[in-house]
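Please keep the sequence and the structure at hand while reading.

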Amino acid sequence: MRQAPSPHSVTFFREAAPYIHNHRGKTFVIAFAGEVIDTPRFRQIVQDLAIISSLGARLVLVHGTRPQIDARLHRTNTSIRLHKGIRITDSVSLLAAQEAIGFLRIRIENLLTHALNQPSLNNEGLGIVSGNYITARPLGICDGIDYGYSGQVRKINHTLMQQQLDSGNIVLLSPMGYSPTGEAYNLRYEQVAVAATKAIKADKLIFLSHQPLNLPHELTLEEAKASLPYNPLLPAVLEASENQVERIHLLDAEIDGALLLELYTRDGVGSMIAAEQFERLRVATIEDISGIMELIRPLEERGILIKRSHEQLELEIDNFHIILRDREVIACVALYDTDDPQVAELACLAVSQQDRGGNRGDKLLKHVAQLAKTQGKNRLLVLTTQTTDWFRERGFEKGSVEELPANKKSLYNYQRNSQVLFKTLE
């Protein structure tokens, strides 16, 4: 007898469907340290990259090389010199960097080519292309220390990269750049990733970290500064934010399927640093009606909320306030005037099942209470059948039908027998 799919698998696909649609044609720069390449997990990461590409996302991959360069220098008993965390690259170190890059490039291309050509993937037109996309210049001398052949990105050939992406290819960038005079420079892969993101105006920059992150799911730039003081990714995060990269994702490479879970589920598994707030509370517009209807439909079906038609929502949309998360309506509330100029009605307070527990209901309540006060109201009214305790815990007190404003009293549904609750606004 054939075994039914796991309910978790079904849930994942339902949740992933809109993200698959939204990410098709979007450009992601995905960067990973050399330490990640050395882990047993890397082969699975490559398989996930192939899946993401086959689903229509445009990928630019950037790899690091530090441990591979160090290993080559150790074998020749060559000292490793750093200043402020950056390698001082002499001629011997440069040769080791070139050897490491050549080896890693072949390995990554080999693994990806194999993954892209699996029968289960729609691999038509998919390939991986590397090349000389980076013009670099020397870092020069800092604090009296000559960095030698360590360099920084001067320019990215974004036109050539875009041509490859338009052709359906994955672009692989190595941390090596060249000057117009023919010199080669060893680069930090993090800086290459940031520069590439800016040059091609990528939609996301994703770092796969070889170190546990232990960070919140979402951070502002200021929170990131406080949370990442000893993480080597912090300079790249700051540089990316200064270059107006809107979203930076930090993932633990040891989490199985981290890339798929981050890109194709709403909550993801990593930490996202956003240039602007990831979750926003604002007044609803006509464009939000479909999202509001999807949010409140389960509550209407259970009789918790009164049913509202699309037409009714259109007429009342100016009364609604929503919380958006990643462009999806995850919570809403409405505030209505009543015949009593001192009383406003709070209605249709709803938070999606997946997003409860984040105090979003409290956030909406606080928001509309403040709004009612600015409108000159001194009492907030709510009619509820199943959430009486929640409101009473927040300062609402039981009232009676007789206390209702005239328009609410005339429309009171005795069959629903809703509790009448009032809160005094202070």
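By class, the lining of the second largest pocket comprises 17 nonpolar, 12 polar and 13 charged residues. In this classification Ala, Val, Leu, Ile, Met, Phe, Trp, Tyr, Cys and Pro count as nonpolar, Asp, Glu, Lys and Arg as charged, and the others, Gly among them, as polar. The model is predicted, and local features need a pLDDT of at least 70, side-chain atom pairs count only at pLDDT 80 or more, and totals for chains, interfaces and linings use all residues. Residues are numbered from 1 along each chain as its sequence is written, and side-chain values use heavy atoms, with hydrogens and water left out.

**The second largest pocket**

The search runs on a 1 Å grid over the protein atoms alone: a pocket is an open set of points with protein on both sides within 12 Å along at least five of seven lines, a cavity is a set of points where a 1.4 Å probe fits but cannot get out, and lining residues have an atom within 4 Å of a point. Grid points are joined across faces, edges and corners, and a volume is the space filled by probe spheres set on the points. The second largest pocket holds about 1,100 Å³ of space. Of its 42 lining residues, Ile304, Leu305, Cys348, Leu349 and Leu383 lie nearest the centre.

Helices (H or I, at least four residues) and strands (E, at least two) are DSSP runs, numbered from the N terminus. Helix H12 (310-316), E19, E20, H13, E21, H14 and helix H15 (406-410) each supply at least two residues of this lining. Which element gives the most to the lining? E20 does, with seven residues.

Leu305 lies in the loop between helix H11 (289-301) and H12. Is Leu305 buried or exposed? Leu305 counts as buried because its relative accessibility is 11%; buried means under 20% relative accessible area, exposed over 50%, and partly exposed in between (1.4 Å probe, protein chains only). Leaving aside residues up to four places away in sequence, Leu305 touches Ile296, Leu299, Glu300, Cys348, Leu349, Ala350 and Arg416, where contact means heavy atoms within 4.5 Å.

**Two pairs apart in sequence**

The table gives sequence separation and C-alpha to C-alpha distance for two pairs.

| Pair | Apart in sequence | C-alpha to C-alpha |
|---|---|---|
| Leu305 and Leu383 | 78 residues | 9.9 Å |
| Lys201 and Phe28 | 173 residues | 9.4 Å |

Helix H13 covers residues 360-374, and its 15 residues should span 21 Å at 1.5 Å a residue. The expected span is 1.5 Å times one less than the number of residues. The end C-alpha atoms of H13 are 21 Å apart, which agrees. Its buried residues are Arg360, Gly361, Leu364, Leu365, Val368, Ala369 and Ala372. Among the elements that cover them are strand E17 (279-283), strand E18 (320-325) and strand E19 (328-337). Just after H13, Gly376 takes a positive phi of about 90 degrees.

In helix H4 (residues 66-75), the residues Gln68, Ile69, Asp70, Arg72 and Leu73 are buried. They pack against helix H2 (34-37), strand E4 (86-87), helix H5 (91-116) and strand E12 (184-186). Asn77 follows H4 and has a positive phi, near 55 degrees.

Most residues other than glycine have a negative phi. Lys84 sits in the loop between strand E3 (82-83) and E4, and is exposed, with a relative accessible area of 61%. Lys201 also has a positive phi, near 55 degrees. The loop that holds Lys201 runs between helix H7 (189-199) and strand E13 (204-209). Lys201 counts as exposed, at 70% relative accessibility.

**Cavities and domains**

How many cavities of 30 Å³ or more are there? The count comes to two. The second largest cavity has a volume of about 40 Å³, and its lining consists of Ile45, Asp48, Leu208, Ala253, Ile255, Gly257, Ala258 and Leu259. Helix H3 (42-54) and helix H10 (258-264) are the elements that give two or more residues to this lining.

The domain assignment gives domain 1 (7-274) and domain 2 (279-424); such bounds come from an automatic or database domain assignment. The centres of the two domains, taken over C-alpha atoms, are separated by 45 Å. Their contact takes five residues from domain 1 and seven residues from domain 2.
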